[in-house]
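Hi,

Here is the model I said I would pass on. Have a look first, and my notes follow below.

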Amino acid sequence: MRPFPNQPAPWRDMPSDFRPFEIAEPVIGWRLWSLLRRPKGRGYRLGPLSNMALLWEPRRPTVARCFCGGLDRIGPHHAPYPRGGCGLYVRKEPDFLRPIGNAFRGMWWAQDWSLIERSAAVLGTGALWGDVIEHETGYRGEFGYPQRLKLICPYCLHVYGPERSSADVLKASGGPARGVVARCALHLSLLGLRNLEVTGSAAEAEDALLSEYAVDALPGT
Ligand SMILES: [Zn+2]
Ligand SMILES: [Zn+2]
């Protein structure tokens, strides 16, 4: 599937006032990001949930890179590769993301910061374009940009679903990547994290994130 066969390499000529909604007919799907703090209070970044994935920077497309080149005798290749696992991911339905909210539940007791700071903190839609490969539950794409964003408590996402998963408080993860843990008040008290520093309200961070990425809040929040 290639929705834009004549698409030029878009990031090279991107004007400085790039607006994500001007891209014609991207594939839109659902995804989760971790939330990373920039140094000295200079805003936030949408981070990956895995160490085999990419940061999504504001105001420019994220370009997929291959992380599967050495596997299964596939040589270096363009991402997304049809028989590989590389590319930027979105899912067709937000409910498909629910299991991920609970994916790292055990890590709190292990205090593995590299995992804690990659726990899901932002739910949203993302646009993919360029080369896009369709799967049963989602898509893998070449270029991506977020469309609508909302800070979530990943455990509420798991238990109650996307509509009832808002976050209240952020705490610093303590890890080197400056990840932030987003939680509702209930799960903040239930799931430990007492020794972590409170860094602010989720609502303030969401406003900062929306303005930095020039996108709107996910409706219903
Ligand atoms: Zn690959
Ligand atoms: Zn919660």
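Let's start inside: the largest nonpolar core has 50 residues, and Ala121, Val122, Ile152 and Ala182 have the most contacts within it. Strand β5 (residues 122-134) is the top contributor, giving seven residues. By nonpolar core I mean a set of buried Ala, Val, Leu, Ile, Met, Phe, Trp, Tyr and Cys residues joined through C-beta atoms within 7 Å. Buried means 20 or more other C-beta atoms within 10 Å of the residue's own, exposed means 12 or fewer, and partly exposed is in between, with C-beta atoms placed from the backbone.

Before you dig in: this is a predicted model, so local features need pLDDT of at least 70 and side-chain atom pairs count only at pLDDT 80 or more, while totals for chains, interfaces and linings use all residues. Residues are numbered from 1 along each chain as its sequence is written, with chains lettered from A and ligands numbered from 1 in the order in which they are written.

Back to Ile152: leaving out residues up to four places away in sequence, Ile152 touches Ala120, Ala121, Val122, Leu123, Leu157, Ser165, Ser166, Ala167 and Ala182 (contact: C-beta atoms, placed from the backbone, within 7 Å).

Overall, 40% of the chain's 221 residues count as buried. The chain has six helices and ten strands (DSSP runs numbered from the N terminus: H or I of at least four residues, E of at least two).

Then there's Pro48, in the loop between β2 (44-47) and β3 (62-63). Pro48 counts as partly exposed because 17 other C-beta atoms lie within 10 Å.

Cheers

Definitions and conventions. Two residues are in contact if their C-beta atoms, placed from the backbone, lie within 7 Å.
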